[in-house]
Amino acid sequence: MTVVLLLCFQVRRHKTALWIRHSDAVSCLSLSEDKTYLYSASWDRTIKVWRISDSRCLESIHAHDDAVNSVVCGDGGVMFSGSADGTVKVWRREMRGKGLKHAAVKTLLKQEYAVTALAVGEAGSMVYCGASDGLVNCWGSGKNYAHGGVLKGHKLAVLCLAAAGTLVFSGSADKTLCVWKREGVIHTCVSVLTGHNGPLKCLAVEENRESGEKGEQDRRWVLYSGSLDKSVKIWSVSE
């Protein structure tokens, strides 16, 4: 069996570090849509871009004025980042000879509350942002990224987001998991899942392999939720 070591990060606060290393905790990872690049975001305020084929760091982006809490890739070389500085930024990947460069395209949000989680809807349909004020903002993925509204369902900070089909899932420090259904840009909270005894910290979702036989409305999803109560729960959710 061959084991490939892709990356190695060191957590070092307020110390000089090599350019190819983060100088503080790595907060999140995201793969590009074509699985060619890996993005790592850090509390050191940077996002680094790694080419998976040779584990090479191609770019280090000084992205925000505070810790980068979330990074997620969309379609067409677009990347979104969210930070404790209260901003959500849009970046576009551009090829520069044998290398690449990410250019800041737009700032979607600028507020006093920390951005804690990001997610992109199916086929890049919407962009979602969770924050420490318990709200989820959303934007259309069109050229202008028009603001699509605010989802209000949590009493404490939103710590994780996931999207699948026409559904959006938000997990919070209030120990609840909200299920939102999207129709156009309108989102309705169709269920509030409870059962964890601590804040929800992470979500993962996949399509039930037996679903979809009756069309789009029959799609079912398997949702995994992880909590600071040391448990992982599995949920079955239907559209």
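The structure holds 1 aromatic pair, where rings of Phe, Tyr and Trp (its six-membered ring) pair if their centres lie within 6.5 Å, with planes under 30 degrees apart counted as stacked, over 60 as edge-to-face and the rest as tilted. This is a predicted model, in which local features need pLDDT of at least 70 and side-chain atom pairs count only at pLDDT 80 or more, while totals for chains, interfaces and linings use all residues. Residues are numbered from 1 along each chain as its sequence is written, and side-chain values use heavy atoms, with hydrogens and water left out.

**Aromatic pair**
- The ring centres of Phe80 and Tyr145 are 5.9 Å apart and their planes stand at 85 degrees, so the pair is edge-to-face.
- Phe80 lies in strand S6 (residues 78-83) and Tyr145 in the loop between strand S11 (135-140) and strand S12 (147-152), so the pair ties together parts that are 65 residues apart in sequence; strands (E, at least two residues) are DSSP runs numbered from the N terminus.
- Both Phe80 and Tyr145 are buried, where buried means under 20% relative accessible area, exposed over 50% and partly exposed in between (1.4 Å probe, protein chains only).

**Salt bridges**
- The count comes to 5 salt bridges, each being a side-chain nitrogen of Lys or Arg within 4 Å of a carboxyl oxygen of Asp or Glu.
- Glu122 and Arg219 meet in a salt bridge at 3.1 Å, N to O, and this pair links distant parts of the chain, 97 residues apart, with Glu122 in the loop between strand S9 (115-120) and strand S10 (126-131) and Arg219 in the loop between strand S17 (200-207) and strand S18 (220-227).
- Glu122 counts as partly exposed at 35% relative accessibility, whereas Arg219 is buried at 11%; Glu122, Glu207 and Arg219 are linked in a network of salt bridges.
- Lys181 forms a salt bridge with Glu239, the closest N and O atoms being 3.9 Å apart; Lys181 is in strand S15 (residues 177-183) and Glu239 in the segment after strand S19 (232-238), 58 residues apart.
- Lys181 counts as buried at 17% relative accessibility, and Glu239 counts as buried at 13%.
- Arg51 forms a salt bridge with Asp54, with the closest N and O atoms 2.8 Å apart, and Asp54 is partly exposed at 40% relative accessibility.

**Strand pairing**
- Strands S3 (residues 46-51) and S4 (residues 56-62) run antiparallel and are joined by 6 bridges, where two strands pair if DSSP finds at least two bridges between them.
- Ile47 stands opposite Ile61 in S4, and the hairpin of S3 and S4 has 4 residues between the strands, with Ser55 in the turn at a positive phi of about 60 degrees.
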